[in-house]
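Reader: Please take me through this model by way of a few questions about its side chains and strands.

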Amino acid sequence: MEQKNPEKIPNWKSDFPISTEKATHISRREFAKFLGLLSGVLALSNGAIVIKALAFPSKPLEGDHFVCNEDEVPVGKMIQFEIQGDMVIPYILIHLQENEWRAFEQKCTHLACAVRYREEEQKIECPCHNGWFSADTGEVLQGPPPRPLPQLEVVRKEGKVYVRQAEEPYAT
Ligand code: FES
């Protein structure tokens, strides 16, 4: 076995005398502390989202609001948009089928995560807790959301897409 010559040990090793084994070992207590900290951070961020949603409730929209030109969203695709003067709520516009458009609030009715249209499923998904909504009506199909997604009425004029406040309940 080769003897190590202490004089050949690089300076930085003598300055930082920590063995690899000690440096990579994580005790159960340290891991439990990390999990506790992570849970706290997640709870705080979820709480902030809920407080924001409660502090800034949805207001009824007035008038028609331009979203995009029809040819900007192919069939099966979705875009996210906001309404001028109401930056609190993000919305999604879905080009469901030829001449079929839908617009919903993008905030999940469970804990306000951002929902997205899944073209291959033809449904709206909330990835936070596996919630699913109908892309046609916004009704809850699966998961913890307690209410349907609020929906806007989509109006098309001369190749342009607008949204307006929908009658309750919104009929397509
Ligand atoms: S926040 Fe959407 S399912 Fe929980």
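**Surface, rings, strands and charges**

Reader: Where is Ile26 found?

Author: Helices (H or I, at least four residues) and strands (E, at least two) are DSSP runs, numbered from the N terminus. Ile26 is found in the loop between helix H2 (20–24) and helix H3 (28–55).

Reader: What pLDDT do local features need in this model?

Author: Residues are numbered from 1 along each chain as its sequence is written, and side-chain values use heavy atoms, with hydrogens and water left out. The model is predicted: totals for chains, interfaces and linings use all residues, side-chain atom pairs count only at pLDDT 80 or more, and local features need pLDDT of at least 70.

Reader: Is Ile26 buried or exposed?

Author: Buried means under 20% relative accessible area, exposed over 50%, and partly exposed in between, with a 1.4 Å probe and protein chains only. Ile26 has a relative accessible area of 58%, so Ile26 is exposed.

Reader: What accessible area does the nonpolar patch with Ile26 have?

Author: A patch takes residues with over 30% relative accessible area and no salt bridge, joining like charges within 9 Å and nonpolar side chains (Val, Leu, Ile, Met, Phe, Trp, Tyr) within 5 Å. A salt bridge is a side-chain nitrogen of Lys or Arg within 4 Å of a carboxyl oxygen of Asp or Glu. Areas come from the Shrake-Rupley method with a 1.4 Å probe, and for residues only the protein chains shown count as cover. Ile26, Phe31, Phe34, Leu35, Leu38 and Leu42 form this surface patch, and together their accessible area is about 590 Å².

Reader: How many aromatic pairs does a search of the whole structure find?

Author: Rings of Phe, Tyr and Trp (its six-membered ring) pair if their centres lie within 6.5 Å; planes under 30 degrees apart are stacked, over 60 edge-to-face, and the rest tilted. For the whole structure, the number of aromatic pairs found is 3.

Reader: Which kind of pair do Phe66 and Tyr162 form?

Author: The two rings are 5.7 Å apart centre to centre, with 70° between the planes, which is edge-to-face. Phe66 is in strand E1 (residues 65–69) and Tyr162 in strand E10 (residues 160–165), 96 residues apart. Phe66 is partly exposed at 45% relative accessibility, whereas Tyr162 is buried at 18%. The pair is edge-to-face.

Reader: Why is the pair of Phe81 and Tyr91 classed as it is?

Author: Phe81 is in strand E2 (residues 78–83) and Tyr91 in strand E3 (residues 86–97), so the pair ties together parts that are 10 residues apart in sequence. Both residues are buried. Their ring centres are 5.4 Å apart and the planes lie at 20°, so the pair is stacked.

Reader: Which ring does the charged end of Lys123 sit over?

Author: A charge sits over a ring if NZ of Lys or CZ of Arg is within 6 Å of the ring centre and within 35 degrees of the ring normal. Lys157 lies over the face of Tyr162, at 4.6 Å from the ring centre. For the charged end of Lys123, the ring is 5.8 Å away at its centre and belongs to Trp132.

Reader: Which residue in E8 is the bridge partner of Trp132?

Author: Two strands pair if DSSP finds at least two bridges between them. Strand E6 (residues 123–126) and E7 run antiparallel and are joined by 4 bridges, and E7 pairs with strand E8 (residues 140–142) in the antiparallel sense over 2 bridges. Trp132 and Ser134 point one way from strand E7 (residues 131–134), Gly131 and Phe133 the other way. In E8, the partner of Trp132 is Gln142.

Reader: Which residue takes a positive phi in the hairpin of E7 and E8?

Author: In the hairpin of E6 and E7, with 4 residues between the strands, Asn130 takes a positive phi near 55°. The hairpin of E7 and E8 has 5 residues between the strands, and the residue with a positive phi, near 85°, is Gly138.

Reader: What is the N to O distance between Asp136 and Arg102?

Author: Asp136 is in the loop between E7 and E8 and Arg102 in strand E4 (residues 100–105), 34 residues apart. Arg102 is buried at 6%, and Asp136 is partly exposed at 31%. Arg102 also forms a salt bridge with Glu100, at 3.0 Å. For Asp136 and Arg102, the distance is 2.5 Å.
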